Amino acid sequence: MTEPITPCLSLANLEDAVDRIARKMPGSPREEVILTRLHFYTQLQLDAWFNASLKPYELNETTWMALMLIYSRPDERVSPSDISSAMAFSRTNATRVVDELEKKGWIQRLPSPSDRRKTELALTGNGLELIRQVLPVQRARLKELWQDFSPDERRQLETLERKLLARLTG
């Protein structure tokens with residue numbers, strides 16, 4: 001199994017620190033601080049867990065999601081700006097990811113059939129084979145990750161995460 005990332009502060013230490021601050025400055029939003037930090041810590045652990053499962057395939061969460069984006073399209077082709085937009089990347093970061101996937105032979109740049117000035121990204125045979133190899137493993141790991149949550153709990157968590165995201169994105 002994956003070795004977890006140890007946060008700088010344990011949650012107990014964090015709670016103690018928040019309480020000390022609240023004593024110094026009454027009115028501190030204890031619950032909100034704890035929820036926010038817990039969310040950050042959970043995300044760190046989730047990233048580490050996900051990346052550890054992809055490492056044997058020379059992938060990480062970012063490159064895997066870019067491949068999945070291309071694979072999800074009916075013709076398995078996207079524009080570089082689609083990668084940037086869908087993954088909330090800067091163009092520079094999207095270019096870095098695309099370059100890495102191309103270097104490994106998993107995607108190729110092709111001229112757009114609708115506009116010769118544009119380039120599209122398409123899976124190669126090697127990229128498609130990689131997806132066919134990794135996807136069943138990732139599906140099984142995700143099922144294992146969420147097995148302790150009932151369907152109602154998963155729906156509730158999704159609702160809450162969407163609500164938080166909507167608040168953050170305005």
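A residue is buried when its relative accessible area is under 20%, exposed when it is over 50%, and partly exposed in between. Glu102 has 31% relative accessibility, so Glu102 counts as partly exposed. The model described here is predicted.

**The core**

In soluble globular proteins, nonpolar side chains tend to be buried together. The largest nonpolar core here has 28 residues. Leu59, Trp64, Leu67, Ile83 and Ile107 touch the most other members. Several elements give two or more residues to this core, including helix 2 (30–54), helix 5 (91–103) and strand 3 (119–123). Helix 3 gives the most, with 6 residues.

Take Ile107. Not counting residues up to four places away in sequence, Ile107 touches Leu67, Ile70, Val98 and Leu121, among others. Glu102 is also one of the residues that Ile107 touches.

**Salt bridges**

The count comes to 10 salt bridges. Three of them are listed here.

| Pair | Closest N to O distance |
|---|---|
| Glu102 and Arg109 | 2.2 Å |
| Glu158 and Arg162 | 2.8 Å |

What does the pair of Arg30 and Asp19 tie together? Arg30 lies in helix 2 and Asp19 in helix 1, so the pair ties together parts that are 11 residues apart in sequence. Arg30 is partly exposed at 33%, and Asp19 is partly exposed at 24%.

Arg109, the partner of Glu102, is partly exposed at 33% relative accessibility.

Glu158 and Arg162 both lie in helix 7, 4 residues apart, about one turn of the helix. Glu158 is partly exposed at 40%, whereas Arg162 is exposed at 56%. Elsewhere, salt bridges with shared partners join Arg96, Glu100 and Lys104 into one network.

How values were computed. Residues are numbered from 1 along each chain as its sequence is written. This is a predicted model: local features need pLDDT of at least 70, side-chain atom pairs count only at pLDDT 80 or more; totals for chains, interfaces and linings use all residues. Side-chain values use heavy atoms; hydrogens and water are left out. A nonpolar core is a set of buried Ala, Val, Leu, Ile, Met, Phe, Trp, Tyr and Cys residues joined through side-chain atoms within 4.5 Å. Buried means under 20% relative accessible area, exposed over 50%, partly exposed in between (1.4 Å probe, protein chains only). Contact means heavy atoms within 4.5 Å. A salt bridge is a side-chain nitrogen of Lys or Arg within 4 Å of a carboxyl oxygen of Asp or Glu.
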